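Good morning, and thank you for coming.

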Amino acid sequence: ARKWRGYEAALFAQDDWRITERLTFSFGLRWEFYSVPEEYSGVGINQPAFGTEQGFLNNQLIEGIWNEEGIRYTIFDGRQLMGKGLWNNYYGNFAPKLSFAYDLTGDGKTSLRAGYGISYDRQMNRSYENDRFNYPDFAFNSFLGAPWGGSYPFLATMPAQVPIQAARSVRVSLRWMDPNLKPQMAHNWMIGIQREIVPNFSIEVDYTGSAGRRIGGIMRINRFTGDGADGKYDAINPYINIRDGNFRTNSFWSNYHGLQIILNKRFSNGWSWYTAYTYGVAKDLSSIYQGIVVATSVENWDYDYGYAAYDHRHRVVGGFVYEIPWFQNSESWFLKNVIGGWQIAGSFHFTSGRRFNVAAASGPAFDYNLDGQWGMDRPLWLGSDNYNEAIKWEAGRPTLDPSYFGTPNPPAYER
């Protein structure tokens, strides 16, 4: 069994500067470091490395980069053979924080506030623990039909024997990391104004935004559009299973913009009340946190940038607390502390509907771009710019009208 160890460290400095009676400025800087986990049981790692044609021809261990050549000449177990870790350490995680608060009217009742900051997130454990699935310790094969990319059908019996024809078409599974992996990061900012209307009651209007960068995910990169146009799937590297060549990279992104209106009555006279409305727009490349991103096109990731799965246009939340006034001034300890002192509280939450995604079914017949990866190929949209016209209601339930969608023409094979 493999055993992993690593360490995390951080340094920070911050300060508040009261420039005037009405203006306060806060600033700080944080540095974070997440070490690359190290396998210390002696088993080692089986992390592959991108190779080069030069290294292949000269029988040398030369690490390449993430491109077609690097995939074609992948070195199984390469990072271990080169004496390197799962990926390279990164030391550039600097996270500044800046904010200010300004008393607009000078009477302490109107405040203008703004802030900006950067934050980072460590790599999840599964990212490197899945190294156990790599060759030579592990390989995937189909026991009920031909291996994906192979042609010889294999129907297992007990006890099972692998026909030599099927064994020759077995492709290895790979779980490998971007060697230049950098921690996930997010830019966050806001600007808002708050006004006290009457004592203990205020209204606040804020604009908030965030930009997720270097978001983690898994891309199956051993494929290309039109691979199956000649009737067979050879992939870029014919020894790596197309659907199990999982490359983990922090290369995805997201953006969010929101307008918030907040009404807040602080607890006084036995009750408090809070209500907030948010109008928000969220877009991303993938809403699956560090999961498999089955992109429409491995060559053009931008095709999948759009409204996020968690995009809800409207959101209203709120709550209240009411203190029951029974026996508050009673001289009886029992009445005052047991029968009295109770509160009634409630909350509510309203959110508009989420976005829906239209993709083809999973199966070889729905691999429209013939890249050996199905489940995310998209049909053609045949309607107008109003996408809601494809939604039909039947017996009180929404359904999609299939007449608004067409089948794309597959890539042609040129001999």
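Let me start with a question: is Ala 395 buried or exposed? Ala 395 is exposed, with a relative accessible area of 85%. Here buried means under 20% relative accessible area, exposed over 50%, and partly exposed in between, with a 1.4 Å probe and protein chains only.

Two notes on the source are needed. This is a predicted model, in which local features need pLDDT of at least 70 and side-chain atom pairs count only at pLDDT 80 or more, while totals for chains, interfaces and linings use all residues. Residues are numbered from 1 along each chain as its sequence is written, and side-chain values use heavy atoms, leaving out hydrogens and water.

Ala 395 sits in the loop between strand E19 (391-394) and strand E20 (397-400); strands are DSSP runs of at least two residues, numbered from the N terminus. Its phi is near 55°, a positive value in a residue other than glycine. Most residues other than glycine have a negative phi. Asn 269 also has a phi near 55°. Asn 269 belongs to the loop between E12 and strand E13 (271-284), and is exposed, at 76% relative accessible area.

Which residues lie nearest the centre of the largest pocket? They are Tyr 307, Phe 356, Asn 357, Val 358 and Arg 378, out of 38 lining residues. Strands E14 (292-293), E15 (306-307) and E18 (380-381) are the elements that give two or more residues to this lining. The volume of the largest pocket is about 1,200 Å³. A pocket is an open set of points on a 1 Å grid over the protein atoms alone, with protein on both sides within 12 Å along at least five of seven lines, and lining residues have an atom within 4 Å of a point. Points are joined across faces, edges and corners, and a volume is the space filled by probe spheres set on them.

The second largest pocket holds about 290 Å³. Its lining has 22 residues, with Gln 14, Gly 28, Lys 97, Leu 98 and Tyr 116 nearest the centre.

A cavity, by contrast, is a set of points where a 1.4 Å probe fits but cannot get out. There is 1 cavity of 30 Å³ or more, and the largest cavity has a volume of about 40 Å³. Residues including Phe 50, Glu 63, Arg 79 and Trp 176 line the largest cavity.

Note on methods. Helices (H or I, at least four residues) and strands (E, at least two) are DSSP runs, numbered from the N terminus.
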